[in-house]
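Look at the sequence and the structure below, and keep both in view while reading. The paragraphs that follow begin with aromatic rings and then turn to the fold and to one helix pair.

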Amino acid sequence: MSHHNQPTTEWADRHRRALTTRHTHEDVLTDRQFELLLEACSVLPAPHDFEARFICLLAGRLGLRAGEIAHFQTTWVNWNRRTIRIPQHEPCQCGYCQRQARQEATHNSGLSVEGAIESRWHPKTVASARLIPFDLTLRLELCLERFANRYDAFPRSRSTINRRIQAAATEADLPGRVYPHCLRATAASYHAYKGVAPVPLQALMGWSDLATAQKYIRISGTATADALRRVHHR
Ligand SMILES: [Zn+2]
């Protein structure tokens, strides 16, 4: 009988895992929570206040990853076209890049540490190199202009990013954990809710897979509601 029980147990295990695994989209902040987080940034001592605001807006509204923010250069900004270009490669030998390079070399037998460092920094995947429009709100535009007035590049380490987000989240007294990737998911959810279509959402977020965009759109329910209303309210 065991060969009969086996698939059932496997299915039950998979089902249980699906129900208990925490997904990033569950940690997405609501619009209200995101506003509270931004408010809390301004309470932090300078220059942590501006750094925290820059991080929260770029991650939570434009979907940048922590590694992308840590390596942000003002030369990535096209002020005429109002876009940020996440490049395929930005030469860097920061502590984070060196750690990542060592890890990459460990997992790829054909790759030396030196070779891995040479290709650093690079975004997570090939699809991550992308153009991000930032003139979606005046708040975003002003934040980028103020950043460019002060800095040529993001002035802190990769690990500072988590600390600034954590400081703002603590100050805002938000429930649950707030971390860079949950802000990125917050951006995806925000745009999906506004009704952005799968292909542009995928391009904005730099996902390799269109299914990820479709998942956020399905969860937001906006496209479902729009489609049903078009049919029923005509
Ligand atoms: Zn680096």
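**Aromatic rings, fold and a helix pair**

In this predicted model, a search of the whole structure finds 10 aromatic pairs. One of them joins tryptophan 76 and tryptophan 121: the ring centres are 5.8 Å apart and the planes meet at 25°, so the pair is stacked. The cut-off for stacking is an angle under 30 degrees.

Where do the two residues of this pair lie? Tryptophan 76 is in the loop between helix H4 (66-70) and strand S1 (77-78), and tryptophan 121 is in the loop between helix H6 (113-118) and strand S3 (130-133), so the pair ties together parts that are 45 residues apart in sequence.

Are these tryptophans buried or exposed? A residue is buried if its relative accessible area is under 20%. Tryptophan 76 has 1% relative accessibility and therefore counts as buried; tryptophan 121, at 2%, also counts as buried.

Now take the protein as a whole. It has 12 helices and three strands. Of its 234 residues, 40% are buried. Among contacts between residues at least 6 apart in sequence, 68% join residues at least 24 apart.

Finally, consider two helices. H9 (residues 180-194) and H11 (residues 210-220) pack at an angle of about 60°, and their axes are 8 Å apart. Ala185, Ala188, Ser189, Ala192 and Tyr193 of H9 make the contact with Tyr216, Ile217 and Ser220 of H11. By class, six residues of this contact are nonpolar, two are polar and none is charged.

Note on methods: Residues are numbered from 1 along each chain as its sequence is written. This is a predicted model: local features need pLDDT of at least 70, side-chain atom pairs count only at pLDDT 80 or more; totals for chains, interfaces and linings use all residues. Side-chain values use heavy atoms; hydrogens and water are left out. Axes are lines fitted to C-alpha atoms, for helices over the stretch in contact, and angles run from 0 to 180 degrees between N-to-C directions. Helices (H or I, at least four residues) and strands (E, at least two) are DSSP runs, numbered from the N terminus. Contact means heavy atoms within 4.5 Å. Ala, Val, Leu, Ile, Met, Phe, Trp, Tyr, Cys and Pro count as nonpolar, Asp, Glu, Lys and Arg as charged, and the others, Gly among them, as polar. Buried means under 20% relative accessible area, exposed over 50%, partly exposed in between (1.4 Å probe, protein chains only). Rings of Phe, Tyr and Trp (its six-membered ring) pair if their centres lie within 6.5 Å; planes under 30 degrees apart count as stacked, over 60 as edge-to-face and the rest as tilted.
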